[in-house]
Amino acid sequence: MTALNRPVGRRLLLAMGALALTGGCTHAGHAAPKSAKPSGSPHPPPSTPSPSPSASPTPWQVPTPVTPTPGVCPVDPNFIQKPGGPQHYLPCEGTNIALTIDDGPDPEWTPRVLALLAHYKIPATFCMIGRRAAANPKLVAAVVEAGHHIANHTFTHPLNLPGLPPAQINDELNRATDAISTASGGHRPTLFRAPGGNWSPAVLDACAAAGMRPLDWSVDPRDWSRPGVPHIVQTILTRTRPGSIILNHDGGGNRQQTIEALTIALPRLLDAGYHFTQP
Ligand SMILES: [Zn+2]
């Protein structure tokens, strides 16, 4: 539940970013996506999926992602990160993208996401809610041991974070860092993501005061709303460009659609030539 009450300004920014992406990409390699490789992929799905959506043909069209080109960055530099604002894109190297997983850890879904990422050797950034980290310390440790990053996603996930008194905003950030640090044996997040992407000057000030960088995203399939596996897959595969930061969730409810969608989308992004990095 991270996308409620989104400021109009943010929607405009994302819309402008989408326009910049679609309008600014002129490289021939992007105009001619390579054909899909449903069989013979160097990145086959897990042998024991749970369950495997690839076990039977999908009744809907799986898009072919834009082919990235090393050294070619279609993202307008102005949209990578506004001065003083949150980071929407990675500094582009041509093929790098990032996967972020929000609202966990969750006893049921986090292990399944971890298994999927281990199978494809994909590093991700888990934006954890502090009180869930405190309740599931072994999952926090497992995420760190697997080589993933952990970002601070507040202690209680208040979607109205900008409306809280400054002292309470600081408390949300500091309690989450303490919970994550305690559970992980000392790992202190250097990245912070506001719930729902609801940023304000006060939230950004608190983030800076806590020594963290503000992290947003650029590809949002709204998987938290369970829009259906096809919607999640199609959004990820049609909107991802070099430098994209993709948002998904391992907490906040039943994430079966997310698991199934990532099982389809992740190998296709790898096959297209993308490399997953961390913000
Ligand atoms: Zn969230």
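The legends below describe close-up views of a predicted model. Local features need pLDDT of at least 70 and side-chain atom pairs count only at pLDDT 80 or more, while totals for chains, interfaces and linings use all residues. Residues are numbered from 1 along each chain as its sequence is written, and side-chain values use heavy atoms, with hydrogens and water left out.

**View 1. The largest nonpolar core has 40 residues.** A nonpolar core is a set of buried Ala, Val, Leu, Ile, Met, Phe, Trp, Tyr and Cys residues joined through side-chain atoms within 4.5 Å; buried means under 20% relative accessible area (1.4 Å probe, protein chains only). Leu 99, Phe 126 and Leu 266 touch the most other members. Elements that each supply at least two residues include β1 (96-102), α6 (166-184) and α9 (256-272) (DSSP runs; helices are H or I, at least four residues, and strands E, at least two). The largest share, 9 residues, comes from α9.

**View 2. Phe 192 and Trp 199 form an edge-to-face aromatic pair.** Their ring centres are 5.8 Å apart, with 85° between the planes (pairs need centres within 6.5 Å, and edge-to-face means planes over 60 degrees apart). Both Phe 192 and Trp 199 are buried.

**View 3. Helix α6 meets helix α7 (residues 201-209).** The axes, lines fitted to C-alpha atoms over the stretch in contact, come within 10 Å and cross at roughly 45°. Ile 169, Asn 170 and Leu 173 in α6 meet Ala 202, Val 203, Ala 206 and Cys 207 in α7; contact means heavy atoms within 4.5 Å.

Methods:
Buried < 20%, exposed > 50% of the residue type's maximum accessible area, 1.4 Å probe, protein only. Phe/Tyr/Trp six-rings, centres within 6.5 Å; stacked < 30°, edge-to-face > 60°. Axes fitted to C-alpha atoms, helices over the stretch in contact; angles between N-to-C directions.
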